[in-house]
Amino acid sequence: MTFSDFRLDSRLLEGLQSMGFEKPTPIQQQAIPVILQNKDVIACAQTGTGKTAAYILPVLHKMMQTSHRHLNTLVIAPTRELVQQIDQQIEGFAYFTGISSIPVYGGGDGAAWDQQKKALQQGADIVVATPGRLIALLAAGTTVFDHLQHLILDEADRMLDMGFYDDIVKIVSYLPKERQTLLFSATMPPKIRALASRILRQPEEINIAIAKPAAGINQQAYMVYDAQKEKLLNHILKTHTWNSILIFASTKETVKKLDALFRRAGITARAFHSDLEQTERETILRAFKNKQLSIIIGTDVLSRGIDVEGISMVINWDVPPDPEDYVHRIGRTARAETTGTAITFVNERDQRRFQGIENLIGYPIPKMPLPAECGEGPVYSPQTRREEGFRKNRKGPRRKHFRPRFNK
Ligand code: AMP
């Protein structure tokens, strides 16, 4: 199957060709025809599957058939980085079409607000926005979406996790009832279903293998005590071939600690977290994209918002609390059918979480022996719920410190 089978406008096909897209991905194969038929869609697809093109190509095609292009389409996404990434992709696909899009997100200074307000008033064709900033602009009465034809919610589960349910419902109340609504989500918890039944009309359901890492990712895990992690990281950097690496940690504090550690070791790396100004974040991502910077250390803010080709390795300094975040983190490597390595450090406390990840993806992740220079690590023996409950209910004095068991 090729993109011309969808009978998309030739200017779109030209854009795709110049971007080097040859074959539609599975989500594109399923979603594009349904969206072209003007149906509402609820699609379960994670980042890295080509979902952005899956919704934007048919929407661009339809926009080219209509004269109502101004403020025709609204895309809502959870983070600024994702908004920028979607906007850039639209720019690429729409290059030969004359259709314009603008990114709208918080942060920045008053000038950014004025610029976004002006662009909305002048009527960009597609608006890609984070919910918070969009609500503020709508409440200021500057933007009227009377001719809107398409509403797209991207990474809807993430938006709900971030507490945007009410904001989304509010935004929808500003939109015409006659519209096509497309909801994309990496997972389908009941709250997504509830939102869908509120804002979609008889949607067509599309399911692309739920939360499975791409096949091209070589996943590995090390059972390791916290005190051994630094040595292990050094070992990996020395013994693997890599050109760009993302290192994830669950908290800003750990990210900052790792940043300091790299500085001491004389390795150029940059920390990426929510304390940084928007312009700093953009500078870091640009440097990484241009290959001037080869290591970024970030929290999960980074896991959803970075679209860079050729990331050879993802290292999880710790196990993310939410198993789906693991899939998002490692999905930063092996984008669109290339290969990459994803290595996870699992300390004795994270073993239960790690087991949750294996349960989610449906297969065990290979556990690698620690290199000799690190010494012995903890044994992999995740506690089951039952055992944990037994320990909690046990009568008598509790051990204050749970001592790790060493390998024999
Ligand atoms: P997404 O899931 O939308 O974040 O897309 C993941 C990456 O795959 C992006 O870098 C896209 O540019 C790329 N991509 C999407 N569709 C295709 C395709 N049909 N062929 C090649 N690359 C693609």
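Hi everyone, let's start at the ligand: helices α3 and α4 each supply at least two residues of the shell around it, with helices being DSSP runs of H or I, at least four residues, numbered from the N terminus. A quick note on the source: this is a predicted model, where local features need pLDDT of at least 70, side-chain atom pairs count only at pLDDT 80 or more, and totals for chains, interfaces and linings use all residues. Residues are numbered from 1 along each chain as its sequence is written, and side-chain values use heavy atoms, with hydrogens and water left out.

So, who is around the ligand? There are 18 residues, and Lys23, Gln28, Gly48, Gly50 and Thr52 come nearest; near means a heavy atom within 4 Å. A backbone N or O atom of Lys23 sits 2.8 Å from a ligand nitrogen, and a side-chain N or O atom of Gln28 is also 2.8 Å from a nitrogen atom of the ligand. Gly50 brings a backbone N or O atom to 2.7 Å from a ligand oxygen. The protein covers 90% of the 500 Å² of accessible area that the ligand has on its own, by Shrake-Rupley with a 1.4 Å probe.

Back to α3. Of its 14 residues, 14 are buried, meaning under 20% relative accessible area (1.4 Å probe, protein chains only). What about its length? At 1.5 Å a residue, the 14 residues of α3 should span 20 Å, and the end C-alpha atoms are 20 Å apart, which agrees; the expected span is 1.5 Å times one less than the number of residues.

Thanks, all!

Conventions: Buried means under 20% relative accessible area, exposed over 50%, partly exposed in between (1.4 Å probe, protein chains only). A polar contact is a pair of N or O atoms within 3.5 Å; within protein, one must be able to donate a hydrogen and the other to accept it, and residues adjacent in sequence count only if both atoms are side-chain atoms.
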